[in-house]
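Hi everyone, thanks for coming. Please have the sequence and the 3D view open while I talk you through a few places in this structure.

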Amino acid sequence: MEAAMGLIRRMHPKKSQTALSALLSLLPHHSSDLLSQVDQPLQVLCDVDCGKEFILCEYNRDADSYRSPWSNKYHPPLEDALYPSSELRKLEIEANEVFAIYCDQYYEGGISSVYLWEDDYKEGFIACFLIKKDGSKTGQGRRGYLQEGAWDAIHVIEVGPEEEGAAHYCLTSTVMLSLTTNGESSGTFSLSGSIRRQMNMDLAIADGHLCNMGRMIEEMEGKLRNSLDQVYFGKTKEMVCTLRPPAEVVMRLPNS
Amino acid sequence: MAEEEYPDVELSDKQKKEIAKWFLLNSPAGEIQYVAKDLRSVLNDERIYNEAAQEAFPLYNKSHIICLEFPDRSGDVLITSYNELDKNEYLDPRTAQVATVNHVKQVCTEVRPAADEELPSPYIEDFRCTLDAEILKYVGEAYPKGICSVYCVNGKDVEGPGSNFELVVVISAVKNSPKNFCNGSWRSVWNIEFKDDMQMLAIRGKIQVDAHYFEEGNVQLDAKNECRDETMFQESYSNLPDTTFKDLRRKLPVTRTLFPWHNTLQFSLTRDIQKELGIGK
């Protein structure tokens, strides 16, 4: 399994779906581990009741159907499906509304979804906040620089039971990023990557769970964005410059 | 979250071999041996691995233009499709030698002088050698650690003016820092066709740069360019932070303040937030 994860880390992020299928067919007994540990780009369905899109993930899936956070209905319809409790559903509705505005503010578009469910093993609950943004110039990229651009964020928060007015929050965030520019003179330039980080906090619940979770996610996304921008892309740029430092003079081969 | 059964489909040997080859061929520059190690563990079948390796390594080595040292360390040979004499034999025109290599181990096992028929004619060699000298000078100045070579890929037996021939310039630079979780490679291939009694030269260049950074993540760059100017890479990078990233996620909302989560508490959430942010309805 460790070797399988090693392979995934080395394959180009754009080929992660092919790599995952290959590993699933070679190691069928590890399928649940592989599916939960390997990041895949997010997919979207349209809620037929309200015409809004929602994001698909393991956390809103039951068999082959997915539950919409807007209508709380499964697509395609499913009998005896799993639903969050009515109390959690109330919080889920609130979370979706607020997160949609957050998404609009930071992503200038994009699709968001939030799913909540009870934890089978302990008190408390689990929340999953998802964002999908297509920043390409044919998508929602306002500045038109990207031939192809995708940001997929998955934030899973385990919220512990309330103890003395506070609760423990454990956030695991994954951001998958892919961008390609295609200039006339500059050729194709493509950067893809994914990073995963964790954050643990004990917070007073006076402000409410949503507020606490929201702030953690905002802080985490900011850190990840900066990381991707400075550290990772900085590192790959550094590598290119090490291979061949930018020339003062471009050498031209003699023409006869 | 429901559990799902995955069918226990048994793969044929051929399918397993193709999968193994896929992983090997798609290894980032300088990482094929690491990929091979993990692959053998996952595959758990030495026979299939060996078959896949025999087929995949030569292709990988040629496309990545790897550089192998002569056994006596007197020089190196580049592995490309342009100087391949036989599936394990590669010509180094600068020293007029032929190297025998083991693709899977990625080593040069022996070197012998090249036979006359393996080398270009003196007329062609004149061009090749002069160009080689210029390229060596250029690579020495422009690349901290670049290896280069010039091969004749067409018309190597041309005796004098009046016929067409083609030379290929290959430049390869590699930086491997696995301890720093960072690897990269730069490959330039320039095809120069001498046409029509040397009245015309056609030059095509192809540059490919790959970089892989994998500390706590997996980020890969691949850039291709098919024109002569190499200053464009700087342009791509300087555009990135300001422009392209914003299309994905802004650093802060337009309000230039963090998102007001606290206002969701007492009042009707959406209405209040929209008011504060000035979003009309």
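Let's begin with a question: which residues does Tyr102(A) touch, not counting residues up to four places away in sequence? Keep in mind that this is a predicted model. Within chain A, Tyr102(A) touches Tyr107(A), Ile131(A), Ile217(A), Glu218(A) and Glu221(A). From chain B, Arg249(B), Phe259(B) and Trp261(B) are on the list too.

Tyr102(A) and Phe129(A) have the most contacts inside the largest nonpolar core, which has 77 residues. Helix H5 of chain A, residues 209–243, gives the largest share of this core, with twelve residues. Apart from that core lies another one, of 32 residues, and Ala22(A), Val38(A), Ala20(B) and Phe23(B) are among them.

Next, please find helix H4 of chain B, residues 122–142. Its 21 residues reach 30 Å from the first C-alpha to the last, close to the 30 Å expected. Buried residues of H4(B) include Tyr123(B), Leu131(B), Ile135(B) and Val139(B). Looking down the axis of H4(B), you'll see the buried residues fall within an arc of 145 degrees, so they line one face of the helix. In general, residues three or four places apart in an α-helix point the same way, because there are 3.6 residues a turn. The face of H4(B) turned away from the buried side carries exposed residues, including Asp126(B) and Lys137(B). Strands S7, S8 and S9 of chain B are part of what covers the buried residues of H4(B).

Last stop: in chain B, four strands form an open antiparallel sheet, in the order S3-S4-S5-S6. S3 and S6 of chain B each have a single partner strand, so one side of each is left without a neighbour in the sheet.

Technical notes: Residues are numbered from 1 along each chain as its sequence is written. Chains are lettered from A and ligands numbered from 1 in the order in which they are written. This is a predicted model: local features need pLDDT of at least 70, side-chain atom pairs count only at pLDDT 80 or more; totals for chains, interfaces and linings use all residues. Side-chain values use heavy atoms; hydrogens and water are left out. Helices (H or I, at least four residues) and strands (E, at least two) are DSSP runs, numbered from the N terminus. The expected span of a helix is 1.5 Å times one less than its number of residues. Buried means under 20% relative accessible area, exposed over 50%, partly exposed in between (1.4 Å probe, protein chains only). The arc is that of the directions from the helix axis to the C-beta atoms. Contact means heavy atoms within 4.5 Å. A nonpolar core is a set of buried Ala, Val, Leu, Ile, Met, Phe, Trp, Tyr and Cys residues joined through side-chain atoms within 4.5 Å. Two strands pair if DSSP finds at least two bridges between them.
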